[in-house]
Amino acid sequence: MPKPYRIALIAHDLKKDDMVAFARAHEALLSRCEIVSTSTTGTLVLEACPSLSIERVKSGPRGGDQQIGAMIAEGKVQALIFFIDPLSPLPHDVDIKALTRLGTVYDIPMALNRATAEVLAEKLSVEEWADEASEQNGK
């Protein structure tokens with residue numbers, strides 16, 4: 001059986017409700033993935049979706065973005081869903097840029113808003129269905 005897909009979930013303060021709504025809408029899919037998240041985002045998602053197992057790292061401003069960036073560089077994260085608030089000033093903006101740069105350098109799927117996250121979730125669902133059908137046909 002293939003190793004579970006590992007997704008990082010991050011959301012800025014004014015986007016955390018959107019991330020929780022996204023997680024609720026895709027809880028079945030996310031429950032089949034390994035999830036890593038920054039502290040507050042992970043806590044809120046876990047409260048809304050208790051069936052999920054979420055590894056929580058530090059909050060973004062305290063180094064969580066850098067921790068997830070290191071996981072991307074090490075090949076331990078296969079996708080990033082990061083709901084960015086482009087209208088709020090962010091004191092750790094350089095960390096955010098470094099994280100999205102690593103996602104680009106290592107060519108992982110990155111969704112930086114809800115619309116793109118929905119497309120990524122749909123793609124993952126289709127791929128998972130195709131993998132399951134392939135396994136069943138091979139037996």
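Predicted model: local features only at pLDDT ≥ 70, side-chain atom pairs only at ≥ 80, totals over all residues.

**Charged side chains and their partners**

Guide: R6 forms a salt bridge with E34, and the closest N and O atoms of the two are 3.7 Å apart. Since R6 lies in strand β1 and E34 in strand β2 (residues 34-38), the pair ties together parts that are 28 residues apart in sequence. E34 itself is partly exposed, its relative accessible area being 31%, and a network of salt bridges links R6, E34 and E55.

A search of the whole structure finds 6 salt bridges, and one of them joins D93 to K97, with 3.3 Å from N to O. D93 is partly exposed, with a relative accessible area of 31%, whereas K97 counts as exposed at 54% relative accessibility. Another salt bridge is formed by K76 with E74, where the closest N and O atoms are 3.2 Å apart; here K76 is partly exposed at 44% and E74 is exposed at 53%.

D65, which sits in helix α4 (residues 64-73), is buried yet has no salt bridge, and the nearest side chain of opposite charge, K16, is 8.6 Å away. Leaving aside neighbours within four places in sequence, D65 is in contact with I10, T38, G60, H92, D95, I96 and L99.

Note on methods. Residues numbered from 1 in each chain as written. Heavy atoms only, no water. Helix = DSSP H or I, 4+ residues; strand = E, 2+ residues; numbered from the N terminus. Buried < 20%, exposed > 50% of the residue type's maximum accessible area, 1.4 Å probe, protein only. Lys, Arg positive; Asp, Glu negative; His and termini not counted. Salt bridge = Lys/Arg side-chain N within 4 Å of Asp/Glu carboxyl O. Contact = heavy atoms within 4.5 Å.
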